Amino acid sequence: MPKMGESITEGTIINWLVAEGDVFDDGDIILEVATDKVDNEVPAPASGTLIKTLFQAKDVVPVGEVIAILEISEEVKSSVKKPVILNEKSIPKKKAQKPNSRLNLSQKEEVNSISSPLGKSEEALFFSPLIIKIAKEHHISFEELARIPATGHEGRLRKSDVFQYIEEGRPFKFAQPVAEKDPTAYRIPQLQFDKGNGKVIEMDRMRQMIADHMVYSKHTSPHVTAYVEADMTNMVNWRNANKVAFQEKHGERLTFTPLFVEAVAKAVKDFPNINASVDGNNIIVKEDINIGMATALPSGNLIVPVVKNADTKDLKTIVANVNELANKARENKLAGDDIKGSTFTISNVGTFGSVMGTPIINQPEVAILALGIIKKRPEVIETENGDEIAIRSMMYLSLSFDHRVVDGFLGGSFVRRVADYFEQFDVNRII
């Protein structure tokens, strides 16, 4: 399983396009793999024959795991010194066991055997590297993992299973293999809710990933949201006066999003600690300022394409980047590189008519900014003649931030600085 993006630890096989025994040419697409919201095509590394597939469609496979055995053609064999395979490692003679990835419950030196009332058979249980990583982060033992109800393929544990278990309060956290039940102990009630009747729609793969990501974010980061409002009149008037000329001169449609990206990048540069992620007890302050744009796909699902190094680009380049990413999203043509590397995310909820929103942080970032609808309303403004009531274009900004590392001062100062850049927009700016 090839590594197809930053921080990707596993991939889901969508479909094998070459069957066992079929011949293929160098560059032919052998299979399709889904990773981190994007579907990827895996090409053949050389001409040859597919001997055996080790995983089937819908299987979730860790990066680096051997997924197929190929026999390359004689011409290729004579020109290479080592086997050519789909992943970055050569195929071992005997399938190596990943440390701690396969747990034999019958081996008492690794873990105490689990009593049969839990319904777990005493056989080898498979835990993916992602599951092991989550378990380490939450100090969940292998014995406790083995007790979690699994919904994955062939009874494998999915990350959504682990997060659901954590949400339920980890009922098996202190369970002992032979401990008797304490009738006075508190147990989480197993409530049976009436979910009602109606059309049942199975979540597609992307919706499942979004659900897992959102639950993980809410569980990981203590969310706090700060609100400010900004007078957008200068920016609105400038954009309305220049959008036609901008398109004629640069061939690009001028929307508000590039103006938002530009201002946010400037504010991030002013407050670099908002451009960070958390790694255990360490805070990683990112050097690059990559602005993610929460974007709705035609299917209704959400994806976050990224404007890389937004602080180093002029408005013309940002406009081109935003339009290109938006078009790719509408046509379902976003590639893996288009959606990775975000360090701060904005969500323009005003596009759908929302006055404001309370966005969920896009992990592993520490903050996300929601921009509400721009709406005209009467406001009291200061003029040379004193206070006057005028019609102004106003917008609410809401910043959700991770209170583990971002306090009210930083969060409030940052969102206020973004609003200041909006309000101080230069109406005499040359396109």
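**Figure 1. The salt bridge between lysine 333 and glutamate 331.** The side chains of lysine 333 and glutamate 331 form a salt bridge with an N to O distance of 3.6 Å; a salt bridge is defined as a side-chain nitrogen of Lys or Arg within 4 Å of a carboxyl oxygen of Asp or Glu. Lysine 333 counts as exposed because its relative accessibility is 56%, and glutamate 331, at 48%, counts as partly exposed. In these terms, buried means under 20% relative accessible area, exposed over 50%, and partly exposed in between, with a 1.4 Å probe and protein chains only. The model shown here is predicted: local features need pLDDT of at least 70, side-chain atom pairs count only at pLDDT 80 or more, and totals for chains, interfaces and linings use all residues. Residues are numbered from 1 along each chain as its sequence is written, and side-chain values use heavy atoms, with hydrogens and water left out.

**Figure 2. Overview of the chain and of the confidence in the model.** The chain holds 9 helices and 20 strands; helices (H or I, at least four residues) and strands (E, at least two) are DSSP runs, numbered from the N terminus. Of the 431 residues in the chain, 41% are buried. Among contacts with a separation of 6 or more, 61% join residues 24 or more positions apart, a contact being heavy atoms within 4.5 Å. The average pLDDT of the chain is 83, and 83% of the residues score at least 70; pLDDT is the predictor's confidence in each residue, from 0 to 100. The pLDDT falls below 50 over residues 78-85, a stretch with 8 contacts in the model beyond near neighbours in sequence. Over residues 87-123 the pLDDT is also below 50, and this stretch has 61 contacts beyond near neighbours in sequence. Where pLDDT is low, the predicted coordinates should not be read in detail.

**Figure 3. Salt bridges between parts of the chain.** The whole structure contains 13 salt bridges. One of them joins arginine 170 to glutamate 144, with the closest N and O atoms 2.9 Å apart. This pair links distant parts of the chain, 26 residues apart: arginine 170 lies in the loop between α4 and α5 (205-220), and glutamate 144 in helix α3. Arginine 170 and glutamate 144 are both buried. Arginine 392 and aspartate 231 form a further salt bridge, their closest N and O atoms being 2.8 Å apart. Because arginine 392 lies in strand β20 (residues 386-402) and aspartate 231 in strand β10 (residues 223-231), the pair ties together parts that are 161 residues apart in sequence. Aspartate 231 has a relative accessibility of 15% and therefore counts as buried. A network of salt bridges links Glu229, Arg377 and Glu379.

**Figure 4. The surroundings of helix α2.** In helix α2 (residues 129-137), the buried residues are Leu130, Ile131, Ile132, Ile134 and Ala135. These buried residues pack against β1 (10-16), α3 (142-146) and α4 (159-167).

**Figure 5. Strand β17 and its partners.** Both faces of β17 are covered, with Phe344 and Ile346 buried on one side and Thr345 and Ser347 buried on the other. Strand β13 (residues 291-293) pairs with β17 in the parallel sense over 3 bridges; two strands pair if DSSP finds at least two bridges between them. Threonine 345 in β17 is the bridge partner of glycine 292. Strand β18 runs parallel to β17 and is joined to β17 by 3 bridges, with isoleucine 368 of β18 opposite threonine 345.

**Figure 6. An open sheet of three strands.** The sheet is open and antiparallel, with 3 strands in the order β2-β5-β7. Each of β2 (23-24) and β7 (68-72) stands at an edge with a single partner strand, so one side of each is left without a neighbour in the sheet. Strand β2 is joined to the antiparallel strand β5 (residues 48-53) by 2 bridges. Valine 23 has threonine 49 in β5 as its bridge partner.
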